[in-house]
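Here's a structure to explore piece by piece. Keep the 3D view handy as you read.

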Amino acid sequence: MNQDKKSIKGIYLTDLAAKGGKYVATWCVQIPEIDYNSCIKCKLCQEYCPEGAITVSEDGSPKIDYRFCKGCGICDHECPKKAIKMKEIEGL
Amino acid sequence: MTQSGVMPGNKALAYGVKLARVEVIPAYPITPQTTVVEYLAEFIANGELDAEYIDSDGEHSCMAMAVGASMAGSRVFTSTSSQGLAYMHEVIAQAAGYRTPLLLGVVNRTLGWYWALGADYSDVMPELNLGWVVNFAESNQEVLDMSLQLYKVIEDYRVLLPAMMNLDGFYLSYSQEYVKIPDQQIVDEWLPPYKAPYSVDPTVSDKFPASFLPGPLHTTYRRLHEEVLEDSRSVIAEVDDDFAKVFGRWYGGLVEEYRTEEADALLITIGSMTTAARRAVDRLRSEGERVGLVKIRFLRPFPDVELRKIASKVKAIGVVDRMMLHGTRGGGVYHDTKAALYNAESRIPILGFVAGMGGEDIPEADMYLMARKTLKAAEQGHVEHEVEFVEHSYQEPPPPVPYDTPDPIYPGSDGCAGCGSSIIIRHVLKVLGKNTVVVNPPSCSTINYPSVVKVPWFVANFAAGAAYETGVYRSLKRKGKADVVYVASFAGDGGTADIGLQSLSGAAERGESIIWVCYDNEAYMNTGGQRSGSTPLYAATTTTPVRARLRGKQVRRKNLELIMAAHSIPYIATGSVAYIPDLEKKIQKAANVTRLGKGLAFIHVQQPCATGWYFPENRTVEMGRLAVQTGAWPLYEVEDGTLKLTIKPQELTSLAEYLKPQQRFKHLTDDQIEQLQKEIHENWESLLNLEVSGKFTGY
């Protein structure tokens, strides 16, 4: 249970410190792939990703953390250089 | 010809309402009731049912509409669940006094304290003693049949009381069962139209139930009301017998006995849990145990006389309660049963079991154990534990993914793939930072984000988001934290434009320095897409479907910005998922305004919803962009009364570009598109004029 010895009886607590990312990779039927040769590091994909699954490294290039990607395809659809392509997941 | 079909309980109820030819149906969505009013909206849109359908702005209004309609002489139906029922509470008390024989479907769901969707009777518990007839159903067939029976009971002039028909959320509401649908013609003969004896229609009656009663008559009229409920007992039995003659199904009136012959011990149940109890009793009987079952079908009037008669033949009773009367050590049915048997000739042990709270299943195995304990008490002649809680172990979900980010929100969520509000909340929290309290009126976001946010996020009662915010803000202000912690809502359009408007208006008028973020997906998306006060003209929703008699929503949306501007608040802005820098700038301005204690900041962000607007989920941002570029969702801000368009397309794109990809607009005729286009141009022109003409009045 979400209780330690010091917590008050009968209160089910939200513990902000115990939180983290939500694994959603199993939602996907397709996943995005970035073509770094075409990427212009505009960061739009990061801005629009509903899941916060895209981070931008120090050099400005995007990186997808597939644990948090639902495969919605917004990054692909919004990329001004078509540098992101959705790919069917094999074996589904 | 009698039809039949496999259908969920909510549909069975809707069929009952249709067969009863109900004349007025006020509606408001809440899980797990919503599909009842959706099916009814469909029946009306198809032309299968001729009734006034009222999209209400909250359950308090919804129930008041029902009472008003009944007072004006119509047969009325509405339905709700849980928090919605609680919000109706004071009107429910009124309905009894005004003697309105309306039917309220209560799709049971746990109430308050910890939010959950599952069935228990904590919602109906506070409503039991207000003078209504209160029925519980075990099966979907019983739901349909009782909706017909109840109208016949309550419209009888010996009764003339409102009635609640309770059906367990999920167990009945969404579970499919075989249901026979009676023939309309036979129902019409059996259940003639309602004729109100006293209507508030001055053209037909000069008498109507009074609002006030002289003080000394209150006790007398309480006695008379109790006598009416007493009289309803025989009417309930009569109607059940009569129903059996015509439709071939009989339920037993106030109680149903199951294998009670020569029983030593009895279980008492209500609602859908009874089916598992029947199986447990069967098993015990096959093992040679003398145990039976009593299903209480009406909690009000409470079948005390019947129970006394049944109890006189047994040695112990075990009452299974999906309801806890806190501070009394037991459940409601347990206490009612105890009270009913207190003056019986012989005193027998009565055990109470509290089980299945929050929708937890009460399986046959649990019923078996409860019956065994009752048998033991029968044998021993006394009770070891008066009340027991039947608890199950809990399996912890997998832990969250450890992740390092400076933002106050972790990646991932429970939102739909491509959800626009997921984009919005990330940028809202990124700008406001970790010293933010989020007050969240129920909406999709209530499900989607609490597990991934690093800031205190708590759920507000639907009508009271801005009031909760006010309380938090004033308390922090008192402690010198007003300029350290931001108090922000994350509210949907229903929680802003409809049910939440009153508390928002109050907070705005009082000048509370709080932030109101409304993410507007233009319908009640959390309950599956019912129209709201922010749904645009002609849009198809589940309560404004496109069918032979109805072609989407027939009225315009509210203009929330003008409503807020009428409160002279310091900052108002619209935002879009497609224009993130613009959105972030506006959130920062809202933060600055509230940090300086200048008053309420209102940010209204359009959230294209792939699930509810029916477009492919990868086009969420594109829909947002098209809304801005066509003028359907102009981006502007009002700072201290001065309006400024923050994104000004050189020329507005044709509106059809925005409407065409959305299935909710696919039925629009060319004329309708032209009309909408014209209105959008007029609106755009008026915004341009406002921008040059100076301040809004009132600033």
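Let's begin with a pair of helices: helix 9 and helix 12 of chain B cross in a right-handed way (the near helix is turned clockwise from the far one by less than a right angle). Helices here are DSSP runs of H or I with at least four residues, strands are runs of E with at least two, and both are numbered from the N terminus. You're looking at a predicted model, where local features need pLDDT of at least 70, side-chain atom pairs count only at 80 or more, and totals for chains, interfaces and linings use all residues. Residues count from 1 along each chain as its sequence is written, while chains are lettered from A and ligands numbered from 1 in the order written.

The axes of helix 9 (residues 274–286) and helix 12 (residues 364–380) of chain B come within 8 Å and cross at roughly 55°. Axes are lines fitted to C-alpha atoms, for helices over the stretch in contact, with angles from 0 to 180 degrees between N-to-C directions. That makes helix 9 of chain B oblique to helix 12 of chain B, oblique being what's left after under 35 degrees (roughly parallel), over 145 (roughly antiparallel) and 65 to 115 (roughly perpendicular). Among the residues making the contact are Ala280(B) of helix 9 and Tyr368(B) of helix 12; contact means C-beta atoms, placed from the backbone, within 7 Å.

Now find the open sheet of five strands in chain B, ordered 4-5-7-6-12 with mixed pairing. Strands pair if DSSP finds at least two bridges between them. Strand 4 (77–80) and strand 12 (298–300) of chain B are the edges. Strands 5 and 7 of chain B pair in the parallel sense over six bridges.

Conventions. Contact = placed C-beta atoms within 7 Å.
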